[in-house]
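Please open the structure in your viewer and follow along, selecting each group of residues as it comes up.

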Amino acid sequence: MRVHHLNCATLRPPAMPDGLVCHVLLLETASGLVLVDSGLGLRDPAERARRFGPARFFVRPAYDPEESAFRQITRLGLDPQDVRHIVLTHFDADHTGGIADFPWAQIHLTAAESFAARHPQTLQEKGRYLPAQLEHNPLLVEHTPAQSESWRGFPGAKELTDIAPGIVLINLPGHSRGHAAVAVDAGERWVLHAGDSFYHHGQVDGAGKAPKALLAMERLIAYDWAKVRANHDRLTQLWAAAEPDLLLVNAHDPHLLDLARRGRAPS
Ligand SMILES: [Zn+2]
């Protein structure tokens, strides 16, 4: 299937002058368009407090409607009505803001993340999962990948064949309770979208150079820091293996988005 790499919201935390992106995959499948994550959407600029909460003062989204998936799909000459499915890595506002622009689409996520978003337990979860993100009654489709099924050594994988072959949801909790990665078969290679399981390529490329402020933010909002660390280790191994038919990307690293757009593997 054809894969487009979109930036569906520029973020400018104070310590990151070059900014962060919200890397969204747009898939052209035989059965319609599919998004992996959704960035921010058309409702967000007018409802900043309700839809993003106080975190917006730290994350500082650009709130440019032209960055929304809806507008970018239109500019590509495609029809937003053809977006039938959206697969979410997790339910934080910078990943779900765009789903309200596609109320007809099915929203796929892990059952654990869906439960957390609908019934936040801790103060931290009550701060990150905002009721406004659910008020358009999205059509949530919950998945529970079996630990016995794996994808390239990652346990807890489920191919979402009801959408299309070659889209795999992989349990990767830690950043949030039911966080997942999404692997996509792009033909000549697979793209693994690791969501927020790491923020910066310096965390997994062995060089160990990542902005300290970004790492502090990651730790502050982690649901389970030990699991986040374990995910870093696993993804570092994957990076080091340099499998020629695999591209590893995440949600917020502009360098990885740039490499993906140029069709190059990280080096
Ligand atoms: Zn995020």
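A pocket, as the word is used here, is an open set of grid points where a 1.4 Å probe fits, with protein on both sides within 12 Å along at least five of seven lines. In this predicted model, the largest pocket holds about 480 Å³ of space.

To find the largest pocket, select Phe 52, Ala 55, Val 59, Asp 92 and Ile 221, which are the closest to its centre among the 21 residues that line it. Which helix gives the most to the lining? It is α6, with four residues. If you then colour the lining by residue type, you will find 13 nonpolar, four polar and four charged residues.

Now turn to the zinc ion and select Asp 94, His 95, Asp 196 and His 252, whose donor atoms (OD for each Asp, NE2 for each His) lie 2.1 to 2.3 Å from the metal. Along the sequence, these donor residues follow the spacing D-H-x100-D-x55-H. The two histidines link distant parts of the chain, for His 95 sits in helix α4 (residues 93-96), while His 252 sits in the loop between β13 (246-249) and α9 (254-261), 157 residues apart. Are these two histidines buried or exposed? Both His 95 and His 252 are buried.

Finally, look at the angles among the four donor atoms of the zinc ion, which run from 83 to 164°. The site is classed as irregular, because four donors count as tetrahedral only if all angles lie between 85 and 135 degrees.

Terms used: Residues numbered from 1 in each chain as written. Predicted model: local features only at pLDDT ≥ 70, side-chain atom pairs only at ≥ 80, totals over all residues. Heavy atoms only, no water. Donors = N, O, S within 2.8 Å, 3.2 Å for Na, K, Ca; no water. Tetrahedral: all angles 85-135°; square planar, octahedral: opposite > 155°, others 65-115°. Buried < 20%, exposed > 50% of the residue type's maximum accessible area, 1.4 Å probe, protein only. 1 Å grid on protein atoms, 1.4 Å probe; cavity = no way out; pocket = protein on both sides within 12 Å on 5 of 7 lines; lining within 4 Å. Points joined across faces, edges and corners; volume = space filled by probe spheres on them. Nonpolar A, V, L, I, M, F, W, Y, C, P; charged D, E, K, R; others polar.
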